[in-house]
Amino acid sequence: MKLRTTYLGIMGVLGTVLAFAGFVAPETALGEDGLSILIMSNLRAFMAAELMMALFALYSLKNKKYQDSALIFLLITLIGWTIGQVTSYVIDGAPNTFTVVSIVVQAALIPVTWKALKSN
């Protein structure tokens with residue numbers, strides 16, 4: 001099996017599950033209670049965008065002409081989330097362990113996404 005299709009499948013399924021959970025119940029997904037309506041609204045908006053991107057990754061498995069676009073979207077998202085979370089870590093202080101682990105995983109996925117994009 002090719003790296004790009006395996007990677008798109010894994011990221012599509014994983015992204016769909018995580019984004020759906022964050023969209024439906026952001027407080028539970030983040031392990032935080034009492035988030036303001038503004039934060040909840042923004043989290044749901046981000047998670048809906050992530051959900052659409054994950055579904056696009058899955059869609060690209062059947063429509064190979066969209067695989068480059070799906071991988072580019074994943075790459076941009078991973079870079080953006082990593083930059084945002086690292087910036088928050090520096091400015092706001094250390095987040096919980098889950099967030100620190102997610103920063104490391106996201107950063108590690110950037111070169112994997114790049115390799116999948118460059119593979120045929």
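Mentor: Leu55 is partly exposed, because its relative accessible area is 35%, and partly exposed covers what lies between buried, under 20%, and exposed, over 50% (1.4 Å probe, protein chains only). This is a predicted model, in which local features need pLDDT of at least 70 and side-chain atom pairs count only at pLDDT 80 or more, while totals for chains, interfaces and linings use all residues. Residues are numbered from 1 along each chain as its sequence is written, and side-chain values use heavy atoms, with hydrogens and water left out.

Leu55 belongs to helix H3, residues 37-62; helices (H or I, at least four residues) are DSSP runs numbered from the N terminus. Its C-alpha atom is 21 Å from that of Thr82, which lies 27 residues away along the chain.

In soluble globular proteins, nonpolar side chains tend to be buried together.

Leaving aside neighbours within four places in sequence, Leu8 is in contact (heavy atoms within 4.5 Å) with Ala57, Leu58, Ser60, Leu61, Gln67, Ala70, Leu71 and Leu74. Gln67, in helix H4, counts as buried because its relative accessibility is 3%. Not counting residues up to four places away in sequence, Gln67 touches Arg4, Thr5, Leu8, Ser60 and Leu61.

Terms used: Helices (H or I, at least four residues) and strands (E, at least two) are DSSP runs, numbered from the N terminus.
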